[in-house]
Amino acid sequence: MARVAVEIPKVGLVMETVRVLRWLRQPGDTIAAGEPLLEVETEKSTVEIESTASGRLQEILAPVDTELQVGDRVAWVETDAAQPAAAAPPAPALTPPAAATPTMPPAVRQEARARGALEGLAARVRATPYARRLAAERGLGLHGIRGSGPGGRIESRDLPPPAAAAGGEPLAPMRRALARAMSLSNATVPQFTVERSFDCSAVQALRVEHARGTAGSPPLSINDFLLQAIARTLIEQPELNATFAGDAGSANARLVRASGAHIGLVVAVDGGLLVPVIHDAEKAGLIELARRRQACVRRALEGKLRGEELEGATFSLSNLGQRGPDRFTALINPPQSAILAVGRQRDCVVASGGGFELRPQSVLTLSVDHRVADGRAAALFVARLVEILEGRDWNFSA
Amino acid sequence: MAQTFIEILRRALDEELARDARVHLLGEDVAAGGAFGVTRGLAQKHGAQRVRNTPISEAAITGLAIGAALGGLRPVLEIMFIDFATLAMDALVNQAAKYRYMSGGQLAVPLVVRTQSGAAGGAAAQHSQSLEAWFIHVPGLVVVAPSSPVEAYGLLKSAIRLGEPVLFIEHKRLYTMREELAEGPADERELPAIGRARIARAGSDLTLIAWSAMTGTALEAAAALAVEGIAAEVIDLRTLLPLDMDTIAASVGRTHRVLIAQEAVTNGGVGAELAARIGAELFDELDAPVERVGCPFAPIPFSPALERALLPGSAALAAAARELLGVPARAGAGGR
């Protein structure tokens, strides 16, 4: 027999901490490698963690609600394979998670384990099936609870009541993930904004031209033009195309450059919002961008986005549409470094050739992580964005 | 005006005879009203052709009824006392229950066998039994056991219209029970579906499962428990085969404790089947073992005093419920 530790894998590029939502298996259950073992909540979504070994789930090391780092050990699985003599398993220490794991000499460890097994036999907990189910759902251990049933059997009424928040309603997982991400953003990301309005008439004219000229291909949205303009600017001016990692005050603070223009598109869905990512947007023409945008919005609304479709962006686009505000400021979605908030289009009086003219205008508000870039880079970025958006240099079908 | 179980059964049969010319009544003395007068007057109204007296031979007359059903009629056969259904076992188990299956669905046996069960005061060991468990063991049969006159009205009509062999068990003790029933034949859509139980009383502390006359006993127990602050939910099964596990599961999901009340001897009863299925299918919902209350393993005595001592009553149910909940027994609560 050998014991194999299941650890929290890195799901997505930037996941750092997760929280245990619920265990899908209980100690004693058999499990095959690849079968879901527990559910954790990341900054982005709820993820099932699969067992990396086949055998019997021997011990759960992280009860519900434990915060874990990538690489933390969460369970022991006892496999049928012979235990490799050289590599004795390290002690199943979990807390403190970040600190170095104290190592016990193998002999002491063996003895400790044998003692634990004996205690387990002597103290077989008598509890009703419903009480066991409730305890598992609430992440409670049954040891130490006094049973009021016949022979000290633990019944549901013997469990401490669920920690109900006084009044109010608990958050749905997506709302909770959003609350956490936005709190993280506001508390840890120093953000500043720069703003420019742009003249939408060139883009509008191109949309009309495209709709007339090309039956069969999807209609182009202003967002497709914005996506291409952002992608091009991110490649031309890569300063913003990075994420900040590590602790700002320490030597491990670093910038992680992105491999391409990976742009998140903020999509409002029932109960919150999702940010599917259009990867390598700089390589796609407008028609391809329109197809991919439509597909990911549809999948977001249907709740069918996969984990990797939500990962990898450095920059997000938030457009509240024609019924939205004139302008607004968006909070950066960590670990991204910038987000562009697009105000509605409206006719404005602008100076033109010594006189005045009515032009359709939209205000672009760019929020930037000040740890990643400064005002000058942000100003140049927005200036280039406006230049592209007001021009006629577009790639329709790369 | 409130009518008795007997009068309401007669009304249901009368309406079905009028509604469908294929419906015929068969049985010992039914033209004169039968042993309990359920069919009184129906021969005069619908003709001796459709309400026929039969010889005293349960094997023969059940065979006759099955033949009539196979031939396209919708016979309603009365077997006086479920105790004598033992004489018709071959016809019921080997014939009625098997034709649809063995003919590959080409034949059907749309037959209702009405029969009386239960102890009703001094009818002795051969006329007082609750033998429903024998029939829930047979694939191909449907077993219905109504709990009140109004329930019997709807369930009998649904049974006649079902098109399958149905054993319709009437408890003798319910025959004098009176209930109000609206004038005029019930709308088909209002008839209870065979195979669906009903919540006779809602509660959250435990589920009391009963059928037939024990439903009333369970409701009495629930009322007594309510005084003590215990909210018992009472399920009236209505149909014993097939069992409505959906209704049971929903209730147990609310209460997490189950007490089964049956008049039959506990050994090998419908309650045993219920307990086994609840244990297996609803294991994670249970906060206590499933308990049963039924008759001790003995014949029903002739002596009315001994019969009363044997039958499980509401006090016995309430005591079992308290025990299930871990509530101390009340002083002086010792009767059945």
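These legends describe close-up views of a predicted model with chains A and B.

**View 1. Confidence in the predicted complex.** The predictor gives the complex an ipTM of 0.76 and a pTM of 0.57. For chain B, the average pLDDT is 95. In that chain, 98% of the residues score at least 70. Where pLDDT is low, predicted coordinates should not be read in detail.

**View 2. The contact between chain A and chain B.** Chain A contributes nine residues, and chain B contributes eight residues. What classes of residue make up the side of chain A that touches chain B? That side has three nonpolar, four polar and two charged residues.

**View 3. The open sheet of chain B.** Seven strands of chain B line up in the order β3-β2-β4-β5-β7-β6-β12. The sheet is open, and its pairing is mixed. Strands β3 (51-53) and β12 (239-241) of chain B are the edges, and each pairs on one side only. From one strand to the next, the twist averages 20°.

**View 4. Strands β4 and β5 of chain B.** Strand β4 (residues 74-79) of chain B pairs with strand β5 (residues 112-117) of chain B. The sense is parallel, and the pairing runs over four bridges. Look for B:Val76: B:Val112 of β5(B) stands opposite.

**View 5. A helix across the strands of chain B.** Helix α7 (residues 149-162) of chain B lies across β2 (23-27), β4, β5, β6 (142-144) and β7 (166-171) of chain B. Helix α7 of chain B runs at about 165° to β7(B).

**View 6. Helices α9 and α10 of chain B.** Two packed helices are described by the angle and the distance between their axes. Here the helices are α9 (residues 245-255) and α10 (residues 270-281) of chain B. Their axes come within 11 Å and cross at roughly 60°. That angle makes α9(B) oblique to α10(B). The crossing is right-handed. From α9(B), the contact takes B:Met245, B:Ile248, B:Ala249 and B:Val252. From α10(B) come B:Arg277, B:Ile278 and B:Glu281. Five residues of this contact are nonpolar, none is polar and two are charged.

**View 7. Helices α5 and α7 of chain A.** How do the axes of α5 (residues 222-236) and α7 (residues 375-390) of chain A cross? They come within 9 Å and cross at roughly 135°. So α5(A) is oblique to α7(A). This crossing is right-handed. Residues of α5(A) in the contact include A:Phe225, A:Ala229 and A:Ile230. Those of α7(A) include A:Phe381, A:Leu385 and A:Ile388. The contact has seven nonpolar, one polar and three charged residues.

Notes: Residues are numbered from 1 along each chain as its sequence is written. Chains are lettered from A and ligands numbered from 1 in the order in which they are written. This is a predicted model: local features need pLDDT of at least 70, side-chain atom pairs count only at pLDDT 80 or more; totals for chains, interfaces and linings use all residues. Two residues are in contact if their C-beta atoms, placed from the backbone, lie within 7 Å. Ala, Val, Leu, Ile, Met, Phe, Trp, Tyr, Cys and Pro count as nonpolar, Asp, Glu, Lys and Arg as charged, and the others, Gly among them, as polar. pLDDT is the predictor's confidence in each residue, from 0 to 100. Axes are lines fitted to C-alpha atoms, for helices over the stretch in contact, and angles run from 0 to 180 degrees between N-to-C directions. Helices (H or I, at least four residues) and strands (E, at least two) are DSSP runs, numbered from the N terminus. Angles under 35 degrees count as roughly parallel, over 145 as roughly antiparallel, 65 to 115 as roughly perpendicular and the rest as oblique. A crossing is left-handed if the near helix is turned anticlockwise from the far one by less than a right angle, and right-handed if clockwise. Two strands pair if DSSP finds at least two bridges between them.
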